[in-house]
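This report goes through a selection of strands, helices and aromatic rings.

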Amino acid sequence: MVELQWMTRELLETLLAGHPNLSQIVSYEVNFATKKGDNYASEMYRLTVHFESAAGEEQFHKNFILKVIPSGEIQQKVMQENSIYPREMVIYRDILPRIYDLLRSIGDSSIISPICLATTSSPKEMLLFEDVREDGFRMADRRLGLGLDAARLVIIKLAKLHACSRLLFDSTPQLFDLMLEGCISDNPSKQTYLPYYRRCVQQVMRLVAQWNGDGQWNTVLEKLERLQDKIIPYGCDVYRRTEEHFNVLNHNDIWINNMMFRYDGENRVVDLLLLDYQLSFYGSPGVDLNFFLYGSVRPEVRRKHQAELIQLYHSTLKSTLTRLQYRGPIPSLPDVHVEIIRKGFHRVNAVFQQLPVAMMENSEDAEMDLLLGDSEQSEASRRELFDNPRYVSHTAEAVCHWFTRQVSNIPFAKMPENTVQASQNEVTDVPSWLDEQYVEKLLRCALKEKSIKLKQLIFNYAVPKGDNFASIIYRIQVVYHAKEEYETTRTFIVKGMITEGLAGEKLRQYDVQRKEMDVYQYIVPELKRMMQCVGERSELYPSALAVDRKHEVILFKDLALDGYRMADRTKGLDMVHLKMAFKVMAKLHAGSLKLREQEPTIFDDYRTGMMTRETEAFHPMFVLIFDALVDEIARWGPEWDYYRRKLEILRPNFVEYGLRVFDNDPEADDLCVFVHGDLWVNNLLYKYDTQEGPIDAVLLDFQYCCYGTPMIDFCYLYYTSARDEIRQNCLDELLQYYYYALRTCARDLKYLGKFPTLHQFLQQSMRKMFYGVYSTFIALPVQMNDKTENADFDALMGDDERAQIYKRTIVSNDKFRKIIQGLLPQFDRKGLLDPLY
């Protein structure tokens, strides 16, 4: 038993006065309700009260939980600065009952939190609750984290709380006055708790320094060093509310010890209650979602099921708002992902500040005053917290993932030696004007030597049939001599545009001929010049030796002579090749930023990307391949009907959603660059060292270039060209890799324009992520096709029997099926298969 001087029969009778069904108090006992270390912001007591019936014939007892403001000096100062107890009293007394009324109005009998029976501020601030332990609820082990079933229950209750709070705020905003400021604040009167955040960063730095024997953690240490001075401003940003976003009542301390679970006879979790609203805050739902996912869910569960949990949150939120007839805009699933990114720094708070407490093994000496203090004893206490092996293991993975993204198990393997070689098939479609006389004139112009005499001309295809639908690309072998020189044998690449038939008609509407000639004649030389000025020695792009606008022909140096060759499009790029491609892409994009800074109108004429509002020429093809894919999914069995139905609903908006990726908002600060527009494995050439390791990459083919979001190139390359184990697992890692490559190059070029932080860039990326769906559904099956009998532009664009057979063939490819069966759930969990606008 615990003796409390301030606890009296009179106080107890006052607290229970509103419950006449509880009879005369005979006696009471007080015991601790939680172990030391399980609650830092309250003193928790279990009251066992003995009652006598009204007739005095029998006695019975009932348990209650009494939550009281703590007695520690620093604790009380923190409580008072942040209105901790008044805030929680308002929520339990005024807000939660109204939320239950809303839920009952739609037939939902959910209970989100224990029922509060009474609140008082005298003789201390305290709240009296039902003891839900009597109904079978108990706490989970805070050291282990939550499994998937428990996490799902939390997500559902949280979504209902958020949804109802939004309606309540719209109708009665004054109820939330105490929740409008977060617990991390630049308010000078609320600073007592904040030094603890810096001390937590210092503890993590100490751990990382211990791991850094070989220097591999240097980058992380440098970032942590900068972070300790910025953690408070970053924390303030988490709690900075913007009214144009969807805001809700955040629990804001949603970790395992603020939850109680009920289990069935087989120890399966069946219900949950949320406790403790002392830090609650009205703002972005990303606050709660980040803190919960990174502070309470087991790491292996989060890694595998995070997208699924976010989707569950959104579907519950949307369903509840819809049933409550909420009149405002309901956020889409991608909107929720953006909010999680926007408030993503809160996951750092969860891991650095909350997890060491949650994973603590020995809690006998755990006191808030000790943890928050600056004495030697306080420092020793924090060291003990952070040295916990369970915490060390978890944090090593987290900081590595956040600061370097090098946590995937994807091997950095070399590409196989049997890469694709140029086709040596007999060439039968050379235009009549592309003869020896024409090539001789072209060479004289390209090599700036008027005396060249052509002796021999041999044509071969430079790429196999089915690998390029918009051009005919030849490798020509020429024998010539000039002046007194001996005969010279060389090869060149001749790229001619398709001008006849359906292909010529459609491609003309995309302006591919003019654009590519302009790029190689005007843009590429400028980009190369700029990069050479900052020490770039790579080839980057082929140099056009001659451009003939009359015949729409470009003559290139044959880079195969320098050791460049294509990788195998059917096998995809490993991590080494892929990162090299993203680095070349970043150099293109960064160069375009600087070029536009110097010449603001230089990219104004580049408006027609792969998807464009300038013409609908390709739109029927997109829909026909989409339809073929839906038909193919219908053959996979009933377990895939969920996705088939989603795609059928998506179909009317599929093209429009793709077009919105290409729309640039002049009022927004989103990053825009000159994008390649068709960046996949066949538009890259690699050069290798003697061990067959790639040492350089060159970017080809600018027919679909335009000015827009870099995600056009990123999504297209990632979803069409990465090996599948990378494609399924490494999106975040490669987004960060690309961003830092872009930022480094932009700085090298002394770009002075506005440049997003990684945090801002990830939000922008999420808004344009639908292009990953397009790239997977439309481009990938075309590019993976290994049956090339019908692979031509007419089969791609048409709707006759031959074209239908071609489309059925490409979507029924077994390799493609395996890829898309892995990606459909990922796209769905990001909300990309749902209505987006």
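Two strands count as paired if DSSP finds at least two bridges between them. By that rule, strand 13 and strand 15 pair in the antiparallel sense, over five bridges. The model in which they occur is a predicted one.

Strand 13 covers residues 488-497, and its antiparallel pairing with strand 12 (residues 471-481) runs over ten bridges. Within this pairing, S471 is opposite M497 of strand 13, and R475 is opposite I493 of strand 13. Towards strand 15, G496 has V553 opposite. How many residues of strand 13 are buried? Seven of its ten residues are, and the strand is described as mostly covered.

Another open sheet has three strands in the order 6-8-9, with antiparallel pairing. Its edge strands are strand 6 (137-138) and strand 9 (269-274), and each of them pairs on one side only. Strand 8 (residues 259-263) pairs with strand 9 in the antiparallel sense over five bridges. In strand 9, D271 is the residue that stands opposite R262.

**Aromatic pairs**

A pair of aromatic rings is described by the distance of the centres and the angle of the planes. Counting rings whose centres lie within 6.5 Å, the model has 52 aromatic pairs. The table gives two of these.

| Pair | Centre to centre | Angle between planes | Arrangement |
|---|---|---|---|
| F674 and F702 | 6.4 Å | 10° | stacked |
| F714 and Y738 | 6.2 Å | 55° | tilted |

Which parts of the chain does the pair of F674 and F702 tie together? F674 is in strand 17 (residues 673-675), while F702 is in the loop between strand 19 (694-699) and strand 20 (706-708), so the pair joins parts that are 28 residues apart in sequence. F674 counts as buried because its relative accessibility is 0%. F702 has 1% relative accessibility and therefore also counts as buried; the cut-off for buried is under 20%.

**A loop residue**

D604 lies in the loop between helix 17 (575-598) and helix 18 (619-634). With a relative accessibility of 41%, D604 counts as partly exposed, because that class runs between 20% and 50%. D604 and Y707 are 103 residues apart in sequence, yet their C-alpha atoms are 7.8 Å apart in space.

**Two packed helices**

Two packed helices are described by the angle between their axes and the distance between the axes. For helix 9 (residues 333-342) and helix 24 (residues 758-767), the angle is about 175° and the axes are 9 Å apart. Helix 9 is therefore roughly antiparallel to helix 24, because angles over 145 degrees are classed that way.

Helix 9 contributes P334, H337, V338, I341 and R342 to the contact, and helix 24 contributes H759, L762, Q763, M766 and R767. By type, the residues of this contact are five nonpolar, three polar and two charged.

Terms used:
Residues numbered from 1 in each chain as written. Predicted model: local features only at pLDDT ≥ 70, side-chain atom pairs only at ≥ 80, totals over all residues. Heavy atoms only, no water. Axes fitted to C-alpha atoms, helices over the stretch in contact; angles between N-to-C directions. Helix = DSSP H or I, 4+ residues; strand = E, 2+ residues; numbered from the N terminus. Parallel < 35°, antiparallel > 145°, perpendicular 65-115°, else oblique. Contact = heavy atoms within 4.5 Å. Nonpolar A, V, L, I, M, F, W, Y, C, P; charged D, E, K, R; others polar. Phe/Tyr/Trp six-rings, centres within 6.5 Å; stacked < 30°, edge-to-face > 60°. Buried < 20%, exposed > 50% of the residue type's maximum accessible area, 1.4 Å probe, protein only.
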